[in-house]
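Here are my notes on the model you sent over. Have the structure open while you go through the points.

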Amino acid sequence: MNAADKSEKRNIHWGPIIQDMLILMAVMGMLGYLSSLVMEAFETKTVTDSLVSLIRKEDVKNGQDLPFARELDNGVKKHGGFINTRDNTGRTPLMWTVYVNYNDPAETRKKDQTRLFYLDALLSVPGIRINERDHDGFTALHWAAWSGLPACVDRLVKAGLDVNATENSGYTPLMLAAMRGNADTVQKLLQLGAEASRARANGDTAASLAESHGEAYHKRNSFVYSLLYSEHRDGDYRQVRKLLPTAKE
Amino acid sequence: MSETTEKATESRNPLVRYFSEFGVLKECGVNFWLTNFIQFFDGLSYFTLIIVFALFLKDYCGFRDADAPFWVGMYTLFLSLFVFAVGTICDIIGLKRTYLVGFSMLILGRLILGLGSDFGMSLLDLSQDHSRYIVIGGIAIMSFGSAFMSPCISTSIRRFTTLRARPTGFNFYYLFMNIGALLAGVAIVDPIREWFPGPDGLQMVVNFGTCCEVIAFIFTRFVNENFYAVPEEKIATSKASSRRPLQLIGEVIRERPFQKLLIFLVLTLGVRLVFTLQFMIMPQYYTRTIGDDFQLGFMNSLNPFIIITGLIVIIPVLKYFSTVKLMIWGMSISALSLILMAIPPECYFIFPGIDTVSQAYFVAIFLQIVIFAFGELLFSPRFTEYVARVAPKDKVASYMSLAGLPMFIAKPINGVVGGLLVSYMCYDGIAAKIDTGHVSYWNSPEFMWTIYLVLAVISPLAIILTKNMFVSDHPEEDVPDENEERKELATREAQA
C-alpha cells in the first residue's frame, strides 16, 4: 500500500457513515419492536410453553434432563395448576409429551422410549389431571395412539385413562392407531382391553380404517411419484389388519 | 478464441453453448477461484441454515410458533439493512480486512446461535425463555457478519476478472451459488436430519454451517487483495467516495424515475413477500402436514435445480421477450402456484394414486415448488434488470441499493403475519386433527395459503393495470444485442 492510498483511507469521514447506520438501525429496531408488540396482542402464550419445548427437545443425558426438571419444578412452585395448563388448542403438557409425528416407525419407536422419561416425570406431579381433553375431545391416549407410542399408551392406561374413550368425531385410540398403521400400538391397545368392534356413527371401525388407509398406501406404490416419496408402510398396515378382526369375522 | 471454443459457442446444444463460455475464465487468476470457493462455502452455510432456521428456533431454542418466523423475518431484515449500510465498506477498508471483520462476526454469531441455548441453560442456569435472548443476540451478530459477504464477494469477483471475462465470471458465480443451494438441501440437510432425527439434527445443520464459514474464512487468508485484473481499476477504486446511506436517499428521493420505481416496488411487494415464505413458513407447513421426517432438503433443492436448469436452457431464450412482460408472467406464475396449496387436499383425490390427505399434501407441495421456481426464474433476473434500467445512467448503483427500501418495512410485518397464521392455522399436531376431520377450511393451512394467494395475486394485477406507467418511457425495452446486454448486466452488477 503506498502513501497516497494510506492518506486516502485516513481522509474517510467515518462519523456520518456511522451516524447513518445508527439511524437506520434505530428505525428498524423500532419497526421490529412495534411489529412484536402487534404480534403479542394476537399471540397465545402459556406458562408451559418452555416446558413443552424442553420435552420435545428430548435432551436426556445420563438418565436426567436438568433444564426440564428445573422448569417443571419452578413452574409447579410459581403457578397453581401449572401442570394442567392448556394452550390455544386445549392441549396440556401431558398431551404434548405423547405426541410425535414421524412416518418412519423405527424413529417413532426410539421416541417412545425417550418420551416415557418425561411422561413418568409428569405423571408423578401431584394434582395432574390425566383425563383432560383438548378442544376436539382428544385425551392424551388419543395423541399417544395417533403418534404410535405403545410404551406411553401402556403407561397412560395403567395410570387410569379410558382405553375406549371417544373424541368428538367418535374415534377411539384404537381407531387412530389403526388408521395410522401403528401396528405395535394397535397390539398394545388390544392387550389393554380396547374394543375392536367399536364403530363411529358412519360405520367406520378400526379394521375398516386400517384397510382403507393401507389400501391407499399400497395403491400409491404402483404410481411413478412413489419413486419420489413413499413411506413403505404396506407391511405395517398388513400387520394391523392381521391384528384386527374384520366386520365379517 | 480457439476453434474448439468457437464451435462450442455456435453449438445448438444449450448445455454445450452455456459451458463453452466458461473457457474465458482461464485468464482469471487464482484469486478469482479462491473467491468462488469462499462464496461456495459461505453459500452452503447460508442455505443450510435458511432451510432449517425457523424449525431450529422453534424446536431447539424454544421460540414460540409465532416468534420463529418473526425472527427469521428479522434476520433477513437485519441482513438487507446491514448490506445497505456496509455496502461500500470493502472499498474503504480493503478486502482482506472486510473479510476478517465479516467472518469474525459471522462465526461468532453462528456459534452463539448454535450453542447459545444450551450454554444459557446448562452453564448459566437460565430458563429456556431467557436463553432465547442469547440466541437473538447471535442472530443480530450473524446478520451483521453476513451483510459483509455479498458486497465483498461481488467486489472480489469484479476485481479479479478481466473486462472480457467479467460477465462470465458473474455468471459462474451465480451458477456456483445455486449449486451450493442445491447441495445444501439434498447432500447436507437431509442426510444430517436422517442421522440425527429431531431437534438435534437441526442443531447439527446449524453447526455444520459454522464449520463451512471457518473453511471459507481460511480461504480468505490466501486472497491477494492488491491484485487487480484490470490495473486501471485500482486508481478508480481508491478515488471512490464513501457514500452515506441516508445521503443516497436524500439524493434520489425527489427524482421522478425513483418515485416511479418506488411505486413499482410497492406494487410487487405481494409476490416478493411470498418468495420469503419458502423459509419462513413452509418448513413448518411441510413437517406438520406430512411428518417431522419429511425430506425438507430435497424439496428445498428443487428450486435451485430449476434455476440452474433454467440458467442453461431457458434464460438464453428469454432475451427475446420484453422485461415487463416477463416480469408479469413470472409474478403471475409464482403467485398462482399458491392455488395448489390453497385448495382443499381432497381435490387431489381425483388423481390416480392419491387417496390420503398426506399424499395429497405431498403432491401439492411438490407441484407448487416446481411451478413457483419457474415463475421466480422468469421474474427475479428481469426484476433486477428493470431496476437498473429505470435508473439514470449515473445513478444505477444508488437505485439498486435503494430498491430494498420497501422490503425493509415489509419484512417484519411479514414475519408477524406469517408467525401468527402458522400458530393458528398450521399448528403442531394439525395433521391428527385433519385426519379426524376437525379442521374446517377456515382454520386450515389451506386458508392460510388463500390469504397469501390473494396478497400475491395483487402484484401482477396491479402491474398489469398500471403497465403503461412502467413501460412508456423506456426505449431500452427494445431487444438489445445479446453480448451488449451481458456486458451491461455485468457492469450493473459490478456497480451494485
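**Notes on the model**

1. Let's begin with a surface residue. Lys77(A) counts as exposed because it has 9 C-beta neighbours inside 10 Å; the cut-offs are 12 or fewer other C-beta atoms within 10 Å for exposed, 20 or more for buried, and partly exposed in between, with C-beta atoms placed from the backbone. Lys77(A) is in helix α4 (residues 66–78) of chain A. Helices here are DSSP runs (H or I, at least four residues), as strands are (E, at least two), numbered from the N terminus. From Lys77(A) to Arg220(A), 143 residues away in sequence, the C-alpha to C-alpha distance is 52 Å.

2. A word on ground rules. This is a predicted model, in which local features need pLDDT of at least 70 and side-chain atom pairs count only at pLDDT 80 or more, while totals for chains, interfaces and linings use all residues. Residues are numbered from 1 along each chain as its sequence is written, and chains are lettered from A and ligands numbered from 1 in the order in which they are written.

3. Chain B overall: there are 25 helices and zero strands. Of its 496 residues, 54% are buried. Among the contacts in chain B with a separation of 6 or more, 84% are between residues 24 or more positions apart; a contact here means C-beta atoms, placed from the backbone, within 7 Å.

4. Next, the place where the chains meet. Chain A puts 51 residues into the contact and chain B puts in 52. On the chain B side, at least two residues each come from α3 (30–60), α4 (67–86), α7 (128–160), α11 (245–252), α19 (357–390), α21 (405–425) and α22 (430–435). Helix α21(B) gives the most, with nine residues. By class, the side of chain B that touches chain A has 26 nonpolar, 17 polar and nine charged residues. For those classes, Ala, Val, Leu, Ile, Met, Phe, Trp, Tyr, Cys and Pro are nonpolar, Asp, Glu, Lys and Arg are charged, and the others, Gly among them, are polar.

5. Is Asn414(B) buried or exposed? It is buried, because it has 28 C-beta neighbours inside 10 Å. Neighbours within four places in sequence aside, Asn414(B) is in contact with Gly73(B), Leu273(B) and Thr276(B). Leu265(B), 149 residues away along the chain, has its C-alpha atom 16 Å from that of Asn414(B).

6. One helix pair to look at. Packed helices are described by the angle and the distance between their axes. In chain B, the axes of α13 (residues 269–280) and α23 (residues 445–465) come within 6 Å and cross at roughly 135 degrees. That makes α13(B) oblique to α23(B). The angle classes are roughly parallel under 35 degrees, roughly antiparallel over 145, roughly perpendicular from 65 to 115, and oblique for the rest; axes are lines fitted to C-alpha atoms, for helices over the stretch in contact, and angles run from 0 to 180 degrees between N-to-C directions. Among the residues making the contact are Leu273(B) and Val274(B) of α13(B), and Tyr452(B) and Ala456(B) of α23(B). The contact has ten nonpolar, two polar and no charged residues.

7. On to the core. Which residues touch the most other members of the largest nonpolar core? Out of 202 residues, they are Val98(A), Ala144(A), Ala178(A), Val52(B), Trp71(B) and Leu338(B). A nonpolar core is a set of buried Ala, Val, Leu, Ile, Met, Phe, Trp, Tyr and Cys residues joined through C-beta atoms within 7 Å. Leaving out residues up to four places away in sequence, Leu338(B) touches residues including Val274(B), Tyr452(B) and Ala456(B).

8. A buried spot in chain A: Ala140(A), in helix α7 (residues 140–147), is buried, with 31 other C-beta atoms within 10 Å. Beyond residues up to four places away in sequence, Ala140(A) touches Val98(A) and Leu161(A), among others.

9. Asn62(A) has a positive phi, near 50 degrees, without being a glycine, and lies in the loop between α3 (49–57) and α4 of chain A. Asp125(B), also not a glycine, has a positive phi of about 55 degrees, and lies in the loop between α6 (95–123) and α7 of chain B.

Note on methods: Contact = placed C-beta atoms within 7 Å.
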